[in-house]
Each structure stands twice: as C-alpha cells, then as structure tokens.
Amino acid sequence: MAPVDVALHCLAIISLLFWISLFLIHIVAITYGKWKLYRKPSQPSPEEPRPGVSILKPLTGVDPNLYTNLETFFKMDYPSYEILFCIQDEMDPSIMVVKSLMEKYPKVDAKVFIGGKKVGLNPKINNMVQGYEASKNDLILISDSGLQMKEDSLSMMVASLYERKNIGMVHQIPHVCPREGFAGVLETVYFGTQHAKLYLALNLAGINCTTGMSCLFRKDVMDEVGGLATFGKYLAEDFFFAKAFLDKGYMMNISTYPALQNSGYYSVSHFQNRLLRWKQLRSAMAPHTILLEPMTECFFLGATASLSVSYLFGWNSIVFFLLHMLVWFLLDYIMLRTMNEGPIQFSKFEFLVGWLFRELSSPYVMLRSHFSSAVSWRHKSYRLKWGGELEEIRDKIRV
C-alpha cells in the first residue's frame, strides 16, 4: 500500500472514531442529564443548621428584566443569606432598582457596594472584590445580573455542595427562560443542545467546564488560593476558579437546577458575539480546541464521516450523511427535552429552523474567532494572551 493510501486510511479511521465518540457523548449526556437535572438532593433535617451564603451580584446598567430577575433573589426560601450588590459607577441606574427592592423586602439582608477596587483588568472581578471582602458567610455565590432563581434554587445548590465529601464548588449549567422571537428560540436551542451535551459530558468526565454566571464555592478554599483578587488578570475567571480548586484536590458538582438566563436584551447578533468571545477564550486557554471543536459540529463531522465510510467501505456518502443528520437532530431534540423542566415553548418547526441556523452559522463564528485575538467585553477591548491572561487595548492618541 502506498504511503498516501496509508495516510488516507488513517485519516478515515480517525474520522470514524470521532464520529462514534460524539454519538456516545450525545447518549451519555442525555442519560446523565435525565438522572441529574431537576432531581432534588437530600436536604438536612430542619433542626440541623445550614451554612450562610453571601451572594455577590455584580451589576452594570439596567435592562428591561433587571427588576424581575433581582426580585427572585429576595424571595428565595433559604434560612440565612445576604445579597451583596456590587456596582462600579455611582451614577449607575441599577442603584435605584436595587434600593427599591431593598425597601420592598426590608427583612432580606442586602447591601450595596459602589466603586469597586482595581485588582486587575477583569472588570467583573474589580467590581466584586469589595463585596467579597465584606462577606460574612462561609459560602459565596457569584450570580450574574441576568439570571432568575427559583425559590428553592439556593437550597438545591447548597445541598449539591454537601452531596459528597470534598466538593469545593457547585455550578449551574446555563440554560434560558422562555423568550419570544427567533433570537429566543436560537438561544434555547444552543444552550439546550450543543452546549448542554458537551457541558454535561465533560462534567461527568471530571473535565473543567465551570461557568461563572452562577457558581457556589467555599470561601475558605478561595482564600487559600489567594482570594478573588488573584483572578483579576484573567477574562475567563470562572475557568481559573475551578482550576485552582481542582489543583487543591477539591471536586466540582453540577447543581440539579440550571441557571436560567433572562436578559432583557437579546438578538441574533448579540448571541453570536457571545459565542465569538467564548470561542476566543477557549482558543487562548486551550489551543488544542482549535482543532477539536470543528469535530463536535454536526455538519463538519457528518461530512468527514461520510467521506470516510465511502472511502473505507464503498458506502453511499450522501445516504450516510442524511442518516447522520436525522439521528443527530433527533438526539438534540431529546437533549433539549431533558434540559427543559416543562414542555418546550415553541413548535417543532421552530426548533428545526433554529437548529439549522445554529449548525450552519457555527463555522462562521469559528472562522471569525481565528482572525483576531481582540475581545470586546463591557464596552472595552482586550487582547488575549496564550494561557488566558488579559491585556487591555488602548487607543493611541496622536499629537
């Protein structure tokens, strides 16, 4: 056999192995999700005291759903918690929203910290440091402003932290509240399918996939690794939180309830810009994902697998590709049903359109991420270095 044929055989076999692996990941994620999600862990007896929780809420500006989202944190069914609102600018309109809620729920322990503290380039960390240093409880929950909480969500997260020994951090898998319009469908499809299956499978395998939009951790362990301020030099602080905990020998755990994103501002372009930023972060922190991620996408993987079976076995590549698409689509629909607590809030046709758009636009987002290391976030631009560290891009002033 000629060297070229040997190389082609190897590539075809590797492609098929990837194809088999991704379908196994699909099945494992669905099975794990059905067992894990919305299952209520055992709660301590009412007589047993539960640890207090300090909730850090970094806020920047006001969106149409901010009041509704924040109010859910004032109505949680948990015996001991404080809400520490962290706001960078003293003129930020979110201050009025927070104060109106504090007046409405005077029994909830809530405080406002304004001005932040410069400890690095990450504006979210800078914003939260004052609240972190003033926190009085053993557990810290970092929760983004665009999230809603169910009344028992915090109880479920704390129960998940004590589900096994040596768990240092609990994170919620991202999902979305039902929202109108195609952008809402698109976000639901992405977080309920492609993102969900990889997130669940990686977590089950013990691979760091923590998201910082909602994570609960032990404060004493965070202090051991240098405190919150240590992570101000990173943009993806959530990844490095988890890495530091794992390096200390602690485990991660997923909460049984997903994090319900409910930002009042959403659009297709906004969604794609989020995907672009996350892809740039993954490429900077784990360069091997540049080669691996295309193999997790339905169209690219299906095309390579179809060519491989045609080359190795003489099968009809078009028929194989169509069957691949059909099975992948059905598994994704089951994955979305698994991620949703109730029925899906849009039709199967809308799911099909959203699914096709997400799959077809993914290569465009990937290609964009490779043309620049500059990341736009919170009205500033940063350059990502290898390893995930930040460098702010400043406009040069010409004299």
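**Briefing: fold, surface and salt bridges**

The chain exposes about 19000 Å², and carbon and sulfur atoms supply 62% of that area. This is a predicted model. The chain has 14 helices and 13 strands. Its radius of gyration is 22 Å, close to the 21 Å that the globule rule gives for 399 residues, so the chain is as compact as a globular protein of that length.

**Overall build**
- Along the principal axes, the C-alpha atoms fill a box of roughly 75 × 65 × 45 Å.
- Of the 399 residues in the chain, 53% are buried.
- Among contacts with a separation of 6 or more, 79% join residues 24 or more positions apart.

**Salt bridges**
- The whole structure holds 18 salt bridges.
- Asp 109 and Lys 136 pair at 2.6 Å, N to O. Asp 109 sits in strand β3 (residues 109-114) and Lys 136 in the loop between α4 (123-134) and β4 (139-143), so the bridge ties together parts 27 residues apart in sequence.
- Asp 109 is partly exposed at 24% relative accessibility, while Lys 136 is exposed at 55%.
- A network of salt bridges links Glu 82, Asp 109, Lys 111 and Lys 136.
- Asp 332 and Lys 197 form a salt bridge at 3.1 Å, N to O. This pair links distant parts of the chain: Asp 332 is in helix α13 (residues 317-339) and Lys 197 in helix α7 (residues 194-204), 135 residues apart.
- Asp 332 is buried, with a relative accessible area of 0%. Lys 197 is also buried, at 0%.
- Lys 243 and Asp 247 meet in a salt bridge at 3.1 Å, N to O. Both lie in helix α9 (residues 237-247), 4 residues apart, or about one turn of the helix.
- Lys 243 is partly exposed at 38%, and Asp 247 is exposed at 57%.

**Backbone and loops**
- Most residues other than glycine have a negative phi.
- Tyr 38 has a positive phi, near 65°. Its place is the loop between α1 (3-36) and β1 (53-59).
- Asn 166 has a positive phi, near 70°. This residue is in the loop between α5 (153-161) and β6 (167-171) and is partly exposed at 39% relative accessibility.
- Gly 264 lies in the loop between β10 (259-261) and α10 (268-285). Leaving aside neighbours within four places in sequence, Gly 264 contacts Asp 63, Pro 64 and Asn 65.
- Gly 264 and Tyr 364 are 100 residues apart along the chain, and their C-alpha atoms are separated by 26 Å.

Technical notes
Residues are numbered from 1 along each chain as its sequence is written. This is a predicted model: local features need pLDDT of at least 70, side-chain atom pairs count only at pLDDT 80 or more; totals for chains, interfaces and linings use all residues. Side-chain values use heavy atoms; hydrogens and water are left out. Helices (H or I, at least four residues) and strands (E, at least two) are DSSP runs, numbered from the N terminus. The radius of gyration is taken over C-alpha atoms; the globule rule is 2.2 Å times the number of residues to the power 0.38. Buried means under 20% relative accessible area, exposed over 50%, partly exposed in between (1.4 Å probe, protein chains only). Contact means heavy atoms within 4.5 Å. Accessible areas come from the Shrake-Rupley method with a 1.4 Å probe; for residues, only the protein chains shown count as cover. A salt bridge is a side-chain nitrogen of Lys or Arg within 4 Å of a carboxyl oxygen of Asp or Glu.
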